[in-house]
Amino acid sequence: MKNSRRLLLALALIGTAGAAQAAANCTVTLKGDDAMRFDLKEATVSAGCANITIELLHTGKLPAAAMGHNVVVSTTANMAGVARDAIRAGVANHYVPAGDARVIASTELIGGGAKTQVRFPGNKLTAGGDYSFYCTFPGHSSIMKGKLNVTR
Ligand SMILES: [Cu+2]
């Protein structure tokens with residue numbers, strides 16, 4: 001009787017651990033506004049996700065030409081270089097350098113009231129790596145950026 005109770009407790013603990021693992025985060029929702037801010041400074045996703053979805057909602061009213069936002073994901077080390085080259089890529093390319101291997105994922109550029117999303121395989125990220133998400137509209141990445149934590 002005592003043993004079976006212990007077994008049940010052990011099973012319950014295993015069940016809890018399993019639930020924690022199953023809570024892999026595969027979706028991030030970011031809001032950008034007319035004050036050039038993202039609502040999150042940090043987000044967490046799992047490299048084990050078949051696909052990771054990053055949603056961007058522009059909660060402002062200004063048009064994309066004046067206050068456009070996108071979300072780009074790269075290693076933090078590559079952020080400054082990508083943001084610099086993004087300006088040359090221009091608005092026609094959503095301020096994302098075309099075919100740039102440093103860009104792990106990127107959304108289109110949107111204006112106030114719009115929303116967009118990008119989906120990419122979780123295995124493009126490495127658990128524990130140093131990644132950032134940011135907006136590459138000229139001048140925005142110095143403020144519109146956050147840390148993307150990656151778990152297994
Ligand atoms: Cu922006």
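Which residue in strand 3 is the bridge partner of Val28? In this predicted model, local features need pLDDT of at least 70 and side-chain atom pairs count only at pLDDT 80 or more, while totals for chains, interfaces and linings use all residues. Residues are numbered from 1 along each chain as its sequence is written, and side-chain values use heavy atoms, with hydrogens and water left out.

The bridge partner of Val28 in strand 3 is Ile54. Strand 1 and strand 3 (residues 52-58) run parallel and are joined by six bridges; strands here are DSSP runs (E, at least two residues), numbered from the N terminus, as are helices (H or I, at least four). Two strands pair if DSSP finds at least two bridges between them, and an open sheet of three strands, with mixed pairing, has the order 1-3-6. Its edge strands, each pairing on one side only, are strand 1 (27-32) and strand 6 (115-120).

The copper ion is coordinated by His69 (ND1), Cys135 (SG), His140 (ND1) and Met144 (SD), at 2.0 to 2.8 Å, where donors are N, O and S atoms within 2.8 Å of the metal (3.2 Å for Na, K and Ca) and, because water is not among the atoms, sites may look incomplete.
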